[in-house]
Amino acid sequence: NIRYLQEYAALGTAGGIYHFRDQIRAGNPDAFFVMNGDVCCDFPLSDMLEQHQNKDKAVATVLGTEATRQQSVNYGCIVEDKSTHELLHFVEKPNRYVSTIINCGVYIFSLEVFKMLQDV
């Protein structure tokens, strides 16, 4: 079941998720995808969902890809634990090099994210 929810004022990813929390929860999902509206690609969504579901107590899964060092400063940069793939650090469009793994703008969230966002 796919639903498109469009914000009418820029709220940021977290703001948009929290704003639409009642509509998202209405479908009673275990988890839900969030995608930036300006991304278009053949994403591994099934693999991503399977990985999210297999990770005990995962609240968020972020799709990343490898970029060059020069390209990476134009995007959100992800630092991950190489063995567990846990996100350790994230910087949106850094002033200097952080990582060559960049955010693709595709996320999966478990409903627990709403509890975290209400305190922000």
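Strand E2 supplies the largest share of the lining of the second largest pocket, 6 residues. The model is predicted: local features need pLDDT of at least 70, side-chain atom pairs count only at pLDDT 80 or more, and totals for chains, interfaces and linings use all residues. Residues are numbered from 1 along each chain as its sequence is written, and side-chain values use heavy atoms, with hydrogens and water left out. Helices (H or I, at least four residues) and strands (E, at least two) are DSSP runs, numbered from the N terminus.

**The second largest pocket**

- About 760 Å³ of space lies in this second largest pocket; the volume is the space filled by probe spheres set on grid points, which are joined across faces, edges and corners.
- Of its 23 lining residues, Ala60, Thr61, Val62, His85 and Leu87 are the closest to the centre of the second largest pocket.
- Helix H3 and strands E2, E3, E4 and E5 each give two or more residues to the lining of the second largest pocket.
- By class, the lining of the second largest pocket splits into 11 nonpolar, 8 polar and 4 charged residues; Ala, Val, Leu, Ile, Met, Phe, Trp, Tyr, Cys and Pro count as nonpolar, Asp, Glu, Lys and Arg as charged, and the others, Gly among them, as polar.
- A pocket is found on a 1 Å grid over the protein atoms alone, as an open set of points where a 1.4 Å probe fits, with protein on both sides within 12 Å along at least five of seven lines; lining residues have an atom within 4 Å of a point.

**The largest pocket**

- The largest pocket holds about 1,200 Å³ of space.
- It is lined by 26 residues, and those closest to its centre are Arg3, Leu5, Phe33, Val34 and Met35.
- Two or more lining residues of the largest pocket come from each of helix H1 (12-19), helix H2 (21-26), E1 and helix H3 (45-54).
- E1 gives the most to this lining, with 5 residues.
- The lining of the largest pocket has 15 nonpolar, 9 polar and 2 charged residues.

**Strand E5 and its partners**

- Because 10 of the 10 residues of E5 are buried, E5 is largely enclosed by the rest of the structure; buried means under 20% relative accessible area, exposed over 50%, and partly exposed in between (1.4 Å probe, protein chains only).
- E5 pairs with strand E1 (residues 31-35) in the antiparallel sense over 5 bridges, and Phe32 stands opposite Phe109 in E5. Two strands pair if DSSP finds at least two bridges between them.
- Strand E2 (residues 60-66) also pairs with E5 in the antiparallel sense, over 6 bridges; here Thr61 stands opposite Ile108.
- Strand E3 (residues 77-80) and E5 are antiparallel too, over 2 bridges, with Cys77 and Ile102 as bridge partners.

**Two loop residues to look at**

- Ser99 sits in the loop between strand E4 (87-91) and strand E5 (101-110), and at 8% relative accessibility Ser99 counts as buried.
- The side chain of Ser99 reaches the backbone oxygen of Ile78 at 2.6 Å; a polar contact is a pair of N or O atoms within 3.5 Å, where within protein one must be able to donate a hydrogen and the other to accept it, and residues adjacent in sequence count only if both atoms are side-chain atoms.
- Leaving aside residues up to four places away in sequence, Ser99 touches Ser72, Cys77, Ile78 and Val79 (contact means heavy atoms within 4.5 Å).
- Asp42 lies in the loop between E1 and H3 and, at 72% relative accessibility, counts as exposed.
- Asp42 and Phe109 are 67 residues apart in sequence and 20 Å apart in space, C-alpha to C-alpha.
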